[in-house]
Amino acid sequence: MTQYALMVRDLRKSYGGKVALRGVSFEVKVGEVFGLIGPNGAGKTTTLRIIATLLKPDAGDAQIYGHSVTKEPDKVRKLIGYLPEEADAYERLTGFENLYFYAMLYTTDRKEARKMAEYGAKLSGLGERIWDRVSEYSKGMRRRLLLARTLMVRPKLAILDEPTSGLDVYHAVEVRKAIKQHTRETVTATLLSSHNMLEVEYLCDRIAMINRGTIIVQGTPREVMEMFDAANLEEAYVRAVEQFAKNRLKG
Ligand SMILES: Nc1ncnc2c1ncn2[C@@H]1O[C@H](COP(=O)(O)OP(=O)(O)O)[C@@H](O)[C@H]1O
Ligand SMILES: [Mg+2]
């Protein structure tokens, strides 16, 4: 039996009169990296914030290991780690101190907190720079620190909003490796969003493409490319949007 880390069912959300989600459904299996991909404004952050219990949907629900985000948010919060699109670390602390103090929110045992922070330091790939103050970090280094902070507590479902945004090519590759390796080694699941279609080809086991608040296609990257006879996911996305618009006109 397939075990699902996440089941999303018919999520709807409007901001004032503006519809952001028009019935979003998908599921993430245990052990996989799943990518929600689409251009800016498609509804990725809204979906992730609902799953992270920070925003209430107008309708629909999501279950994390069987727990409802709307009815059991406290249970859900113990299972997830969320990296927001815009997040920052404490400037006056070193990278390691940031990890250590965050770890102390999860355990009162100093030894255990230290071990957690050491795992985070390794995940961050910051090397000796982990001992420097965050005020001396570049944007990319901060992103890697926050990603490590999210993953080091070994959440059963990591929810990462644009984890590689603002990173240069070299560091983006490192971050992707860390996400993939972490998900495999800890046998958990990762849901991430990205507007970079090419990166998810490498990173994700399965993907869902979202356009104007609607999932237009999902599957493995290979399946989606084959479905649209496309050489890469960017091409597939464009064709999927065209086909979706055509079908809607017909239907
Ligand atoms: N707080 C908000 N108030 C009003 N509109 C919003 C708010 N947040 C998002 N939106 C709108 O909802 C849509 C989806 O946004 P978002 O979920 O942030 O998309 P993405 O993360 O894919 O860029 C966009 O049209 C955006 O302008
Ligand atoms: Mg977003």
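In the predicted model, helix α1 provides the largest share of the shell around ligand 1, three residues; helices (H or I, at least four residues) and strands (E, at least two) are DSSP runs numbered from the N terminus. Residues are numbered from 1 along each chain as its sequence is written, chains are lettered from A and ligands numbered from 1 in the order in which they are written. Because the model is predicted, local features need pLDDT of at least 70 and side-chain atom pairs count only at pLDDT 80 or more, whereas totals for chains, interfaces and linings use all residues.

The surroundings of ligand 1 comprise Y15, K18, A20, G38, N40, G41, A42, G43, K44, T45 and T46, each with its C-beta atom, placed from the backbone, within 6 Å of the ligand.

An open sheet of six strands runs in the order β6-β7-β8-β3-β9-β10 with mixed pairing, two strands being paired if DSSP finds at least two bridges between them. Strands β6 (80-83) and β10 (214-219) lie at the edges with a single partner strand each, so one side of each lacks a neighbour in the sheet. Five bridges join β7 (residues 157-161) and β8 (residues 189-194) in the parallel sense, and A158 has T190 in β8 as its bridge partner.

Beyond its neighbours within four places in sequence, L6 is in contact with E27, V28, I51, A62, I64, L157, A189 and L191, contact requiring C-beta atoms, placed from the backbone, within 7 Å.

Methods:
Contact = placed C-beta atoms within 7 Å.
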